[in-house]
Amino acid sequence: MSKVLYTTIDPSTPIRLQAIKPTSDWIHPHLIESADPVKGRQFRVSGLVPKGTCLLVDRPYAVIPVVDEPESNDDLICSNPACNRRTARQLGRVLCPKACVSDVAWCSNACQSTDQYRHEFECTWLKRYSGPIRSKRGEYEFGMLWLIVRLLATRHAELRKPPASGIDRTVTSNHQQWDNGWSAIDLLCGSTQTWPHDQVRSWTLIVKKYLQNNQNLPHGLSADRILHLICQEEANSFGLYPRETGILPLEDPPVDRGEQFAAAVYPTAAIANHSCMPNIIHKPDETGRMVFTASRDILPGEECCISYFDLTRLVDLDSRRQHLRKSFKFLCQCEKCASEELETESNLLDAMPSMDDL
């Protein structure tokens with residue numbers, strides 16, 4: 001696509017992503033990928049991007065629901081990765097005929113039918129392992145492993161390449177091709193060098209017990225590649241929330257982004273780096289596609305960053321850095337953190353007694 005889609009919003013007007021409804025996957029012609037020697041891959045813009053411009057609409061490669069009591073929860077999403085819409089109970093749900101897990105449901109018979117090949121890949125694994133993993137290791141690790149299995153399931157369907165599947169695709173923008181297939185997942189950051197040794201050892205054991213290539217999970221990949229995929233997923237997955245992440249300045253009183261209802265891995269959106277003063281806000285649309293919107297004017301050559309956490313929940317420097325170190329294994333040196341660190345050091349120096357006071 002070559003047409004630039006944007007809306008201009010008065011600077012005093014809070015941005016709402018609902019007002020921007022691209023009809024297909026979208027990459028703004030000014031959005032480019034570059035590389036930084038420290039950060040690695042990153043987004044920049046090649047031209048002025050006005051506030052309110054839609055920069056990216058990215059379909060998830062894999063997504064899982066994250067809800068309590070899925071049987072009665074209206075936030076449960078359709079299991080068809082081409083749909084991902086909420087499956088309201090009163091409108092009827094189609095459940096797995098093999099009753100693998102209650103978290104699997106489709107919004108219609110049509111969605112179930114077109115998703116049959118992909119779901120068959122995960123169904124046996126879910127039926128055998130979901131109960132033991134949840135009871136022994138908890139919901140977080142079950143969700144992590146299920147997201148890995150869904151990544152593999154999408155790859156499985158991609159390798160089959162059924163006609164008009166829409167799974168393997170590229171988007172061309174500004175003479176740059178953006179791959180949304182498995183090759184894009186291969187490029188995601190994250191490796192065994194990213195994570196602590198104890199964590200990698202724990203994941204190695206998990207792979208051996210639950211993710212080996214066998215009749216329950218015929219992915220055809222080595223244990224080392226699956227371990228690497230876990231390292232990538234944990235560094236790149238998005239939580240999906242009903243409201244925007246990254247709005248600044250904070251509203252008074254602050255309004256958080258709501259309760260998480262899903263988790264997903266996005267081939268292109270994962271390139272975005274973090275800033276505690278992001279110039280992009282992000283929010284999933286009704287089909288689970290991640291939408292990036294400029295929260296202010298972005299100048300040519302400027303990096304485009306999102307916030308990796310809810311800015312209303314982590315406000316001070318120490319809490320922000322502690323969260324990022326624990327969850328993403330890096331020390332944030334964004335403009336906001338660097339400025340606050342300098343201010344803190346200056347205050348400490350001012351508080352020290354001078355030689356004249358001794």
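Good morning. A word of caution before the details: this model is predicted. Let's start with the whole protein. The protein has 358 residues, and 49% of them are buried. It contains eight helices and 15 strands. The accessible surface is about 18,100 Å². Carbon and sulfur atoms account for 52% of that surface.

Now the aromatic rings. A pair of rings is described by two things: the distance of the centres and the angle of the planes. How many aromatic pairs are there in this model? The count is 10. I'll show you two.

Pair one is Phe238 with Tyr266. Where do the two residues sit in the chain? Phe238 is in strand β10, which covers residues 238-240. Tyr266 is in the loop between β11 (262-265) and β12 (273-274). They are 28 residues apart, so this pair links distant parts of the chain.

Pair two is Tyr308 with Phe330. Here the centres are 6.3 Å apart. The planes stand at 85°, so this pair is edge-to-face. Look at the loops. Tyr308 lies between β15 (303-306) and α7 (317-328). Phe330 lies between α7 and α8 (335-351). The pair therefore ties together parts that are 22 residues apart in sequence. Both residues are partly exposed: Tyr308 has a relative accessible area of 22%, and Phe330 has 25%.

Rings can also gather in groups. Phe43, Trp178 and Phe292 form one aromatic cluster.

Find Arg155. Its charged end sits over the ring of Trp182, 5.5 Å from the ring centre. Then find Arg257. Arg257 lies over the face of Tyr241, at 3.7 Å from the ring centre.

Leu248 is partly exposed, with a relative accessible area of 36%. Leu248 also belongs to a nonpolar surface patch, together with Leu250, Met277 and Val315. The patch has about 330 Å² of accessible area.

What about the backbone in this loop? Most peptide bonds are trans. Now check the bond from Leu248 to Pro249. That bond is cis, with omega near -5°. The bond from Asp252 to Pro253 is cis too, with omega near 0°.

Most residues other than glycine have a negative phi. Which way does phi go at Glu69, positive or negative? Glu69 has a positive phi of about 45°, although it is not a glycine. Glu69 is in this loop. At 58% relative accessibility, Glu69 counts as exposed. Asn84 has a positive phi as well, near 60°. Asn84 lies in this loop, but Asn84 is buried, at 5% relative accessible area.

Ala88 is also in the loop, which runs between β5 (62-65) and β6 (94-95). Ala88 has a relative accessible area of 15%, so Ala88 is buried. Leaving aside neighbours within four places in sequence, Ala88 is in contact with Asp74 and Arg93. Ala88 and Ser72 are 16 residues apart in sequence, and their C-alpha atoms are 8.9 Å apart.

Last stop: Cys337, in helix α8. Cys337 has a relative accessible area of 0%, so Cys337 is buried. What does Cys337 touch, beyond residues up to four places away in sequence? The list is Cys276, Leu317, Arg320, Arg321 and Cys332. Now recall Met277, from the nonpolar patch. Cys337 and Met277 are 60 residues apart in sequence. In space, they are 9.0 Å apart, C-alpha to C-alpha.

That's the tour. Thank you.

Note on methods:
Residues numbered from 1 in each chain as written. Predicted model: local features only at pLDDT ≥ 70, side-chain atom pairs only at ≥ 80, totals over all residues. Heavy atoms only, no water. Phe/Tyr/Trp six-rings, centres within 6.5 Å; stacked < 30°, edge-to-face > 60°. Helix = DSSP H or I, 4+ residues; strand = E, 2+ residues; numbered from the N terminus. Buried < 20%, exposed > 50% of the residue type's maximum accessible area, 1.4 Å probe, protein only. Lys NZ or Arg CZ within 6 Å of the ring centre and 35° of its normal. Contact = heavy atoms within 4.5 Å. Patch = residues over 30% accessible without salt bridge, like charges linked within 9 Å, V, L, I, M, F, W, Y side chains within 5 Å. Areas by Shrake-Rupley, 256 points an atom, 1.4 Å probe, with all protein chains shown as cover. Salt bridge = Lys/Arg side-chain N within 4 Å of Asp/Glu carboxyl O.
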